[in-house]
Amino acid sequence: MPRHLMNPMDLTVEEIQSLIDLAGDIERDPDKYAHACDRKTLATCFYEPSTRTRLSFEAAMYHLGGHVLGFSSADSSSAAKGESVSDTIRMISCYADICAMRHPKEGAPFVASLKSSIPVINAGDGGHQHPTQTLTDLLTISSLKGHLDHLVLGLCGDLKFGRTTHSLIEAMSRYEDVEFILISPPELRVPNYITEMLGKKHLKYTEVQSLEEVMPVLDILYMTRVQRERFFNEDDYVRMKDFYVLDKPKMELAKKDMLVLHPLPRVNEISVEVDDDPRAVYFKQAQYGMYIRMALILTLLGIEV
Ligand code: CP
């Protein structure tokens with residue numbers, strides 16, 4: 001049976017550490033891996049827009065010496081004619097060795113995985129989960145902070161629809177002495193299943209509205225955009241979209257070694273004036289995304305170098 005990745009919790013802490021270590025080795029010595037996936041093919045089946053996830057998956061496979069095929073919108077696939085993801089993945093299984101799938105419907109990659117004879121990676125499903133973004137985030141924090149435990153992690157913005165925050169909170173809940181500060185307007189609070197999970201594990205978390213008030217205590221600030229595509233009406237989006245804007249005066253309140261992460265794309269929630277601050281690591285984070293996806297492809301295909 002192929003191994004799939006739907007949620008970061010599908011991986012043990014030890015397996016995540018192995019991926020982080022492998023990604024580090026790939027970054028240090030890319031030539032060693034340049035032919036690791038010769039004659040292997042990755043399919044990228046994206047029913048929803050993407051820049052980083054799709055292109056970093058494709059770059060990852062090219063850097064491993066493999067091939068890539070796929071589609072970048074539902075309109076350019078037979079989904080436009082009504083084909084189900086179950087039938088599509090049966091076709092893809094004939095043409096590729098591994099598949100990364102993004103879909104606007106929560107659970108669609110999981111449904112595909114049930115009919116797939118190749119590994120399926122959830123590349124983002126609706127407002128639910130985004131496990132490879134979380135692996136990217138963990139690699140970024142681990143590489144730049146040196147550890148994943150003993151951290152105060154602030155997550156700010158659209159915590160209701162922001163699937164990256166759901167995956168990251170679940171993943172970070174397994175490391176020792178991590179405190180979560182959930183910063184959002186009341187309408188965009190994190191779903192109950194996340195706070196229930198934190199409560200059951202007796203983990204420290206607080207839900208607040210003011211970013212300024214908590215800036216001084218954060219080790220990591222994970223900013224997110226308001227997810228326009230998940231709102232039911234435009235007026236609500238317009239009311240929420242500029243609720244938080246991280247700018248230079250707010251950065252002055254933060255620790256000298258705090259890191260600012262963002263899964264990107266950014267809209268208005270981080271002022272471009274922050275980009276030059278050495279604590280702003282979101283573009284470096286996007287680069288780490290390729291290395292961790294290389295490590296993930298190798299691992300799910302069972303390829304050792
Ligand atoms: N972080 C992320 O998922 O970006 P894309 O939507 O561009 O893939």
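**Figure 1. The largest pocket of the predicted model.** The largest pocket holds about 370 Å³ of space. A pocket is defined on a 1 Å grid over the protein atoms alone, as an open set of points where a 1.4 Å probe fits, with protein on both sides within 12 Å along at least five of seven lines; its volume is the space filled by probe spheres set on the points, which are joined across faces, edges and corners. The structure is a predicted model, in which local features need pLDDT of at least 70 and side-chain atom pairs count only at pLDDT 80 or more, whereas totals for chains, interfaces and linings use all residues. Residues are numbered from 1 along each chain as its sequence is written, and side-chain values use heavy atoms, with hydrogens and water left out.

**Figure 2. The lining of the largest pocket.** The lining comprises 21 residues, each with an atom within 4 Å of a point. R102, R163, R225, L264 and P265 lie nearest the centre of the pocket. Four lining residues are nonpolar, ten polar and seven charged, where Asp, Glu, Lys and Arg count as charged, Ala, Val, Leu, Ile, Met, Phe, Trp, Tyr, Cys and Pro as nonpolar, and the others, Gly among them, as polar. At least two residues of the lining come from each of α2 (52–63) and α6 (163–172); helices (H or I, at least four residues) and strands (E, at least two) are DSSP runs, numbered from the N terminus.

**Figure 3. The two domains.** Domain 1 (8–129 + 289–301) and domain 2 (131–285) are given by the domain assignment, which is automatic or from a database. Their C-alpha centres lie 25 Å apart.

Figure 4. H130 lies in the loop between β4 and α5 (131–145). With 4% relative accessibility, H130 counts as buried (under 20% relative accessible area, with exposed over 50% and partly exposed in between; 1.4 Å probe, protein chains only). Apart from neighbours within four places in sequence, its contacts include R102, R163 and R293.

**Figure 5. Helix α3 and Y95.** In α3 (residues 85–95), V85, S86, T88, I89, I92 and S93 are buried. Seen down the axis of α3, these buried residues fall within an arc of 155°, so they line one face of the helix; the arc is that of the directions from the helix axis to the C-beta atoms. Y95 has a relative accessible area of 51%.

Key. Contact means heavy atoms within 4.5 Å.
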